[in-house]
Amino acid sequence: MGNAANACHRTSWAESSLPVSFPQKPKPHMTEVLKPWSGTVLTNNVRSKTILGINPPVHDFAWFDLWSKPLGLLYILEFLRSMDNDVYLIDSLYEARTEALSFGRWKVKKEKICKPEVYRNIPRHYYRFGLSPQELEARLAELPKPDYILVTSAMTYWYGGVFETIESAGKVFPEAKIILGGAYAMLCPEHASKSGADYIQTEPFDKFFPAHPAIDMYEKPGYGVVMTSYGCPMSCQYCASKKLFPDFRQRPVEDVIEDIRFQLSVLSTNTTWHNIAFYDDALLLNKSDRFYPLCEAIMREFPRLTLHTPNGLHVSQIDEECAEMLFRTGFHTLRLSLEGVDDYTEYLSDDKTGKSGYEHTMKALKNAGYSDERLETYILVGLPGQNTDDILRSIDYVKSLGGKPKITEFSPIPGTKMFELALKYFPELAYEPLLHNNTIYAPWVSCSIPPKMMQYFKDRANY
Ligand code: SF4
């Protein structure tokens, strides 16, 4: 199929009837609206206050609960609680749960909503997952008046749910100071300054971490969420890990064990096996000194755990010993970060895998006891300059070794080298985060992978 990315340029879209409506560059907005916040506002000064944390609903074409909890917000709430503040939580996703899924996850209420102008011709439905503004406002009205409201954010292109949340919060509690934090705020602070929040988090909040997140603020959570390390020492050119967590730090094993112990004490008691998701970007690094002792401690202390790694494991770290350790400790479905087997994708991925490494890893995992369907392997699709033939080769290669390819659609994330490259062709990315959406970027923004081809890749991966 050749390199479709290079064949795609602005003139060709203008002449075709591609559905994305590229926005006009907005007038520069007043910079005084942007009030940077690094965390010290809360950590140094706040005592005996009432503080509400809110996880907003998600506006997107699709959303699934991949053991998704607002971990950063839960850490901050736990810290503030330890400083004699009264803390409350509204998780707009969890509070709209409708149906139990496997491994403690939930299906969440979704409601078709109007597409933003940018997406107006995309031939897909657009939804709000989670509480509607009316439902959120009714929930807010049940709570005592907060002094501070902390609104978190995740994907840059989910800002619609964030803005909606801030509007509702400001309506019900006009005197509360609203602080917007999380990945969107840190990656797009200028854009986030239009949210209506009083402060925008502009720096990583990693000066401290309490012993565990405030998971007990959920009513019977179905799973726990743990980070045994913060950040990642590698430098993949499409990843914002370094921007969000500049320093790679690993927690002592005993701290992680106490964190898990606390979380298990509040998880739903409807099951004898509990689910824990690890959010680490680099769980297996320094495995002999840290990961193996952690596994031994988990097996000793908590023999009935089912463990999940939604963020993907570094393939090159998995040898026979590691594979066996993962299996014995109870890591269930593994997500392996291969990304692609061609030199270009490997180069962008900081050479973290290597074709030979993957083959070895698959053998080791199967020998350890993993069946094919438990070995999901991420293949990254839609990178600027990526060759479509290479994508097919990567899919087929994973299948030939008995793996389950999982297509990950590329999203240009501000602060990464790939974003800077994409920006040269599409300057609108700088001021319209909706264009970062991985569902639309490759098929309809860069048009490097036309929709039918993307579907073909997915079908081929699933066949
Ligand atoms: S290895 Fe993973 S977390 Fe680390 S920089 Fe690469 S993509 Fe990001």
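Me: Why does Glu339 count as buried?

Reply: This is a predicted model, and the label comes from counting neighbours. Glu339 has 26 C-beta neighbours inside 10 Å, and a residue is called buried at 20 or more, so Glu339 counts as buried. Glu339 is found in strand β18, which covers residues 334–339.

Me: What makes the phi of Glu339 worth a remark?

Reply: The phi of Glu339 is near 75°, a positive value in a residue other than glycine. Most residues other than glycine have a negative phi.

Me: Which other residue has a positive phi, and where is its place?

Reply: Asp84 has a phi near 65°, again positive in a residue other than glycine.

Me: Is Asp84 buried or exposed, and how do you know?

Reply: Asp84 has 10 C-beta neighbours inside 10 Å. The cut-off for exposed is 12 or fewer, so Asp84 counts as exposed.

Me: And what makes α4 largely enclosed?

Reply: Nine of the twelve residues of α4 are buried, so the rest of the structure largely encloses this helix. Among the buried residues are Gly72, Leu73, Tyr75, Glu78 and Phe79.

Me: How do you know that the reach of α4 is close to the expected one?

Reply: Helix α4 (residues 71–82) reaches 17 Å from its first C-alpha to its last. At 1.5 Å a residue, 16 Å is expected for its twelve residues, and the two values are close.

Me: Why is Glu409 called partly exposed?

Reply: Glu409 has 18 C-beta neighbours inside 10 Å. Buried needs 20 or more and exposed needs 12 or fewer, so with 18 neighbours Glu409 counts as partly exposed. The place of Glu409 is in strand β20.

Me: Which residues is Glu409 in contact with, leaving aside its neighbours within four places in sequence?

Reply: Glu409 is in contact with Val381, Gly382, Asn438, Thr439, Tyr441 and Ala442. Along the chain, Met454 is 45 residues from Glu409, while their C-alpha atoms are 8.8 Å apart.

Me: What makes β17 and β20 edge strands?

Reply: Four strands form an open sheet in the order β17-β18-β19-β20, with parallel pairing. β17 and β20 (404–409) each have a single partner strand, so one side of each is left without a neighbour in the sheet.

Me: How do you know that β17 and β18 pair?

Reply: Two strands pair when there are at least two bridges between them, and two bridges join β17 to β18, which run parallel. In one of the bridges, His314 has Ser337 of β18 as its partner. Ser337 is also one of the residues around the ligand.

Me: What else is around the ligand, and how does the shell divide by class?

Reply: The residues there include Cys232, Met234, Cys236, Asp281, Asp350 and Lys352. By class, the shell has five nonpolar, three polar and three charged residues.

Me: Why does Ile318 count as buried?

Reply: Ile318 has 24 C-beta neighbours inside 10 Å. Ile318 lies in the loop between β17 (313–314) and α12 (320–329).

Me: What does Ile318 contact beyond its neighbours within four places in sequence?

Reply: Its contacts are Leu284, Leu313, Ala323, Thr361, Ala364 and Leu365. Of these, Thr361 is 43 residues from Ile318 along the chain, yet their C-alpha atoms are separated by 5.6 Å.

Me: What makes β15 a mostly covered strand?

Reply: Five of the five residues of β15 (residues 274–278) are buried. Both faces are covered, with His274, Ile276 and Phe278 on one side and Asn275 and Ala277 on the other. In a regular strand the side chains alternate between the two faces of the sheet.

Me: Which strands does β15 join, and how many bridges are there?

Reply: Four bridges join β12 (residues 223–226) to β15, and the two run parallel. Val226 has Phe278 of β15 as its bridge partner. Another four bridges join β15 to β16 (residues 305–308), also parallel, and Ala277 stands opposite His308 in β16. From β15 the chain crosses through helix α11 (residues 287–301) to β16, in a right-handed β-α-β crossover.

Methods:
Residues numbered from 1 in each chain as written. Predicted model: local features only at pLDDT ≥ 70, side-chain atom pairs only at ≥ 80, totals over all residues. Right-handed = clockwise from strand over helix to strand, strands pointing away. Expected span 1.5 Å × (residues − 1). Near = placed C-beta within 6 Å. Nonpolar A, V, L, I, M, F, W, Y, C, P; charged D, E, K, R; others polar. Contact = placed C-beta atoms within 7 Å.
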